Amino acid sequence: MAFWLQFARGARGARGDSAVRIDACGPRMTRHTFDLLLEVLDHEVTDVDDVSCGMVDDIELSNTPEGPVVSALLIGPGAWIPRLPAMLQWVAPKVLGSATVRVPWDEVERVAETIKLKSTAGALGLGRLDRRVGAWLSRKPES
Amino acid sequence: MAEPQARILASACAMELKKVVTADGRMLGRVFDLRCRWEPGARAPVVDQVVFGKLGLLERAGLRQFKPRSVHWYLVEAVRGDEVVVAASKR
């Protein structure tokens with residue numbers, strides 16, 4: 001995406017017409033409606049430091065007097081395994097585990113190309129595997 | 001983390017592909033998306049509309065020029081089993 005935006009910026013120089021700003025995030029930034037499955041599900045989640053913390057694997061809905069509200073994002077194999085074909089639903093938990101991290105919607109700062117959170121991944125219990133692998137690599141003498 | 005006060009209704013994935021039927025039993029299509037309204041900084045997004053039908057599938061595939069059929073949530077009478085029951089239209 002950034003490549004095409006840079007291309008558009010370059011074209012402005014040649015033709016003098018307007019171009020999309022490189023830091024633009026599209027109309028979703030200002031719209032007050034969005035499609036939950038199209039624009040949130042399976043999108044990347046980044047924490048307050050822009051560290052990737054995985055994908056939105058499912059979305060929890062709660063019933064309130066106003067109607068259903070989005071109460072949390074569910075991240076982890078336990079959230080996406082139910083979406084697999086039946087046979088894989090039996091195998092996948094044995095291989096990948098069934099951990100699910102529930103991120104309350106209050107922690108969501110912005111819905112754009114990625115879902116930006118207000119806290120760090122560590123504070124929300126996200127990216128545990130990444131941190132474990134990082135710690136293991138840092139102990140290796142050649143790293 | 002504290003559980004919300006509200007009762008857990010379902011997950012969004014569980015709502016996907018449910019049949020949308022009217023109270024008098026007419027099938028309208030299948031759920032392809034849930035349209036929400038939300039302002040950053042405000043409370044959690046509220047599900048406003050259920051997007052359904054073949055054009056809903058095309059929109060889900062990223063073809064945004066299509067205007068899929070949708071029904072406001074206040075017209076949803078029940079969510080049971082594999083069905084979302086909406087108020088019967090007079091048309």
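Val101 of chain A is buried, because 22 other C-beta atoms lie within 10 Å of its own, and a residue counts as buried once 20 or more such atoms are found within that distance. The model in which this is seen is a predicted one.

**Around Val101(A)**

- Val101(A) belongs to strand S6 of chain A, and, when its neighbours within four places in sequence are left aside, Val101(A) is in contact with Ile75(A), Gly76(A), Leu124(A), Gly125(A) and Leu126(A).
- Ala72(A) is 29 residues away from Val101(A) along the chain, and the C-alpha atoms of these two residues are separated by 9.7 Å.

**The contact between the chains**

- On the two sides of the contact there are 28 residues from chain A and 27 residues from chain B.
- Several elements of chain A give two or more residues to the side that touches chain B, among them strand S1 (33–35), helix H2 (36–39), strand S5 (67–75) and strand S6 (101–104).
- The element of chain A that gives the most to this side is S4(A), with seven residues.
- By residue class, the side of chain A that touches chain B is made up of 13 nonpolar, seven polar and eight charged residues.

**Strand pairing across the chains**

- Asp35(A) has Arg35(B), a residue of S3(B), standing opposite.

Notes: Residues are numbered from 1 along each chain as its sequence is written. Chains are lettered from A and ligands numbered from 1 in the order in which they are written. This is a predicted model: local features need pLDDT of at least 70, side-chain atom pairs count only at pLDDT 80 or more; totals for chains, interfaces and linings use all residues. Two residues are in contact if their C-beta atoms, placed from the backbone, lie within 7 Å. Helices (H or I, at least four residues) and strands (E, at least two) are DSSP runs, numbered from the N terminus. Ala, Val, Leu, Ile, Met, Phe, Trp, Tyr, Cys and Pro count as nonpolar, Asp, Glu, Lys and Arg as charged, and the others, Gly among them, as polar. Two strands pair if DSSP finds at least two bridges between them. A residue is buried if 20 or more other C-beta atoms lie within 10 Å of its own, exposed if 12 or fewer, and partly exposed in between; C-beta atoms are placed from the backbone.
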